[in-house]
Amino acid sequence: MNQSKRMIAGSILMAGILTFSFYGLGRSWASSKHQVDPLYLEECGSCHMAYPAQLLPPKSWQKIMAQLENHFGESAELDPITQQDISSYLNQVSKRNNGSYRKLLRNLGNKTPMRMTELPYFIHEHDEIPSRYIKANDKVGSLSQCNACHQRAEQGDFDEDDVFIPGFGRWDD
Ligand code: HEC
Ligand code: HEC
């Protein structure tokens, strides 16, 4: 092989390696972001969506999981093994400080919030929505129904460009 052929072969090989590793990275990132424990989906996704674990800090999930017999006025009790499995899943995922949710977990001080809807950043983002689009809207009912407005909430995506409020439409601000 002469010099230039060797260089061409080298760059083809390099491009191949780059494409392969970018593909690999993209895939592992996507799967780690969207892989939700099926047990969690089943047990905690029947009355409301199974909230992405990163939306609350680990200590909040511990507190929620420790009082399921009185869960916001309802019983969400589980057998001890299922409860333990779900607790450790929530703990593991919420421990990773995921970039896109970091803002929500700011300024909590030493509080242990039981709701995302009480987080300062959450309140700041939702306080301009008139209540007729929430409480008086039977397709929404409360701000806890994230997926009523965030079309990609189940994929863990709360981008304000994907908000559609039932009966009102796309939110532009
Ligand atoms: C029997 C129905 C039911 C089941 C099952 C259930 N929940 Fe709930 N959950 C509720 C109700 C009702 C609320 C309050 C919603 C509201 O205020 O509009 C709530 C609220 C929440 C909130 C606070 C949402 C907010 O306002 O920010 C979290 C977090 C939560 N649930 C987690 C869980 C977890 C974890 C499980 C599984 C162990 C679970 N839920 C299972 C009924 C249920
Ligand atoms: C009534 C419809 C509605 C519900 C229900 C709702 N949201 Fe929102 N959300 C909005 C709107 C509208 C905005 C954009 C606000 C703005 O542009 O200022 C928003 C913004 C956000 C943002 C900021 C997005 C960004 O791009 O910065 C986050 C995070 C968020 N919501 C999370 C949630 C979570 C978590 C829940 C459920 C606990 C929820 N929302 C429930 C309507 C809703």
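Start by selecting Asp161, which counts as exposed because its relative accessibility is 60%; here, buried means under 20% relative accessible area, exposed means over 50%, and partly exposed covers the values in between, using a 1.4 Å probe and protein chains only. You are looking at a predicted model, in which local features need pLDDT of at least 70 and side-chain atom pairs count only at pLDDT 80 or more, while totals for chains, interfaces and linings use all residues. To find your way, note that residues are numbered from 1 along each chain as its sequence is written, that chains are lettered from A and ligands numbered from 1 in the order in which they are written, and that side-chain values use heavy atoms, with hydrogens and water left out.

**Stop 1: the whole chain**

Color the chain by secondary structure. Six helices and two strands make up its elements; these are DSSP runs numbered from the N terminus, with helices (H or I) of at least four residues and strands (E) of at least two. Followed from the N terminus, the order is α-α-α-α-α-α-β-β. The protein chain has 173 residues, of which 28% count as buried.

Asp161, where you began, is in the loop between H6 and S1. Select Trp171 as well: 10 residues separate the two along the chain, and their C-alpha atoms are 7.7 Å apart.

**Stop 2: the iron of ligand 1**

Now center on ligand 1. Which residues coordinate its iron atom? They are His48 and His71, each through NE2, at 2.0 Å. A donor is an N, O or S atom within 2.8 Å of the metal (3.2 Å for Na, K and Ca), and since water is not among the atoms, sites may look incomplete.

The site has six donor atoms, with angles of 88 to 179° among them, and is octahedral.

Are they buried or exposed? His48 is partly exposed, at 22% relative accessibility, whereas His71 is buried, at 18%.

Next, show everything around ligand 1. It is surrounded by 23 residues, and the closest are Cys44, Cys47, His48, His71 and Ser144; a residue is included if one of its heavy atoms lies within 4 Å.

**Stop 3: the iron of ligand 2**

Move on to ligand 2. Its iron atom is coordinated by His126 (NE2) and His150 (NE2), at 2.0 Å. This site is octahedral too, with angles of 89 to 179° among its six donor atoms. The pair again links distant parts of the chain, 24 residues apart, with His126 in helix H5 (residues 120-126) and His150 in the loop between helix H6 (146-149) and strand S1 (164-165). His126 is buried at 18% relative accessibility, and His150 is buried at 12%.

There are 21 residues around ligand 2, and those that come nearest are His126, Cys146, Cys149, His150 and Phe158.

**Stop 4: a salt bridge**

Select Arg152 and Asp157, whose side chains form a salt bridge at 3.1 Å, N to O. The term means a side-chain nitrogen of Lys or Arg within 4 Å of a carboxyl oxygen of Asp or Glu. By this rule the count is one. Arg152 is partly exposed, at 35%.

**Stop 5**

In soluble globular proteins, nonpolar side chains tend to be buried together. To see the largest nonpolar core here, made of 25 residues, select Tyr40, Tyr51, Trp61, Ile86, Leu90 and Leu119, which have the most contacts inside it. H2, H3 and H4 each supply at least two residues of this core, and H4 gives the largest share, four residues. Such a core is a set of buried Ala, Val, Leu, Ile, Met, Phe, Trp, Tyr and Cys residues joined through side-chain atoms within 4.5 Å.

Finish at Pro38 in helix H2, which is exposed at 58% relative accessibility. From Pro38 to Ile86 it is 48 residues in sequence and 9.8 Å in space, C-alpha to C-alpha.

Technical notes: Four donors count as tetrahedral if all angles lie between 85 and 135 degrees; four count as square planar and six as octahedral if opposite donors are over 155 degrees apart and all others between 65 and 115; anything else is irregular.
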